[in-house]
Amino acid sequence: MNIKPLADRVLILPAPAEEKTVGGIIIPDTAKEKPLKGEVVAAGNGTKDEEMVLKVGDQVLYGKYAGTELEFEGTKYLIMRQSDVLAVIS
């Protein structure tokens with residue numbers, strides 16, 4: 001991974017949107033529900049005031065509008081502060 005988040009930020013690979021169909025109707029990409037969970041693929045070192053508790057490989061839940069979307073080598077990621085992560089899934 002060539003992206004290294006700074007301070008208390010984490011890089012998250014969102015889970016793919018679910019392909020739900022109702023009665024054979026295929027939902028277009030623009031109408032799909034944005035996923036609210038993903039996997040931490042990179043993490044910063046934290047700050048002097050806030051220790052980094054997330055680690056690479058953690059499955060996490062985050063808020064609907066949390067983070068900034070970015071695309072790197074054809075893959076879409078979210079970068080956000082550790083405080084925007086709501087929970088770790090175990």
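The accessible surface of this protein comes to about 6300 Å². Carbon and sulfur atoms hold 53% of that surface. Keep in mind that this is a predicted model.

Now, burial. The protein has 90 residues, and 28% of them count as buried.

Next, the secondary structure. There are eight strands and zero helices. Read along the sequence, the pattern is β-β-β-β-β-β-β-β. Residues 24 or more positions apart account for 66% of them.

Let's go inside. In soluble globular proteins, nonpolar side chains tend to be buried together. Here, the largest nonpolar core has 12 residues. They are Val 10, Ile 12, Val 40, Ala 43, Met 52, Leu 54, Val 60, Tyr 62, Ala 66, Leu 78, Met 80 and Val 85. Which strands each supply at least two residues of this core? They are β1, β4, β5 and β7. On your screen, β4 is 37–43 and β5 is 59–62.

Pick out one core member, Val 85. Leaving aside residues up to four places away in sequence, Val 85 touches Val 10, Ile 12, Leu 54, Val 60, Leu 61, Tyr 62 and Met 80.

Now the charged pairs. How many salt bridges are there? The count is two.

Start with Arg 81 and Asp 8. Their side chains meet at 2.7 Å, N to O. Asp 8 is buried, at 7%.

The other salt bridge joins the side chains of Lys 55 and Asp 58, at 3.2 Å, N to O. Lys 55 counts as exposed, with 52% relative accessibility. Asp 58 counts as buried, because its relative accessibility is 10%, and the cut-off for buried is under 20%.

Stay with Asp 58 for a moment. You will find it in the loop between β4 and β5. A polar atom of the Asp 58 side chain lies 3.0 Å from the backbone nitrogen of Lys 55. Setting aside residues up to four places away in sequence, Asp 58 also touches Gly 38, Glu 39, Val 40, Val 53 and Val 88.

Another loop residue next: Gln 82. Where is it? Gln 82 is in the loop between β7 and β8, and β8 is 85–89. Gln 82 is buried, with a relative accessible area of 7%. What does Gln 82 touch, not counting residues up to four places away in sequence? The list is Asp 8, Glu 50, Glu 51, Met 52, Val 53 and Leu 54. So where does a polar atom of its side chain point us? To the backbone oxygen of Glu 51, which lies 3.1 Å from a polar atom of the Gln 82 side chain. Then there is Gly 46. Gln 82 and Gly 46 are 36 residues apart in sequence, with their C-alpha atoms 8.6 Å apart in space.

Last stop, back on the outside. Leu 61, Leu 86 and Ile 89 form a nonpolar patch on the surface. Together they have about 270 Å² of accessible area. Leu 86 belongs to strand β8. Leu 86 counts as exposed, at 63% relative accessibility.

Key: Residues are numbered from 1 along each chain as its sequence is written. This is a predicted model: local features need pLDDT of at least 70, side-chain atom pairs count only at pLDDT 80 or more; totals for chains, interfaces and linings use all residues. Side-chain values use heavy atoms; hydrogens and water are left out. A salt bridge is a side-chain nitrogen of Lys or Arg within 4 Å of a carboxyl oxygen of Asp or Glu. Buried means under 20% relative accessible area, exposed over 50%, partly exposed in between (1.4 Å probe, protein chains only). A nonpolar core is a set of buried Ala, Val, Leu, Ile, Met, Phe, Trp, Tyr and Cys residues joined through side-chain atoms within 4.5 Å. Helices (H or I, at least four residues) and strands (E, at least two) are DSSP runs, numbered from the N terminus. Contact means heavy atoms within 4.5 Å. A polar contact is a pair of N or O atoms within 3.5 Å; within protein, one must be able to donate a hydrogen and the other to accept it, and residues adjacent in sequence count only if both atoms are side-chain atoms. Patches are made of residues with over 30% relative accessible area and no salt bridge: like charges are joined within 9 Å, nonpolar side chains (Val, Leu, Ile, Met, Phe, Trp, Tyr) within 5 Å. Accessible areas come from the Shrake-Rupley method with a 1.4 Å probe; for residues, only the protein chains shown count as cover.
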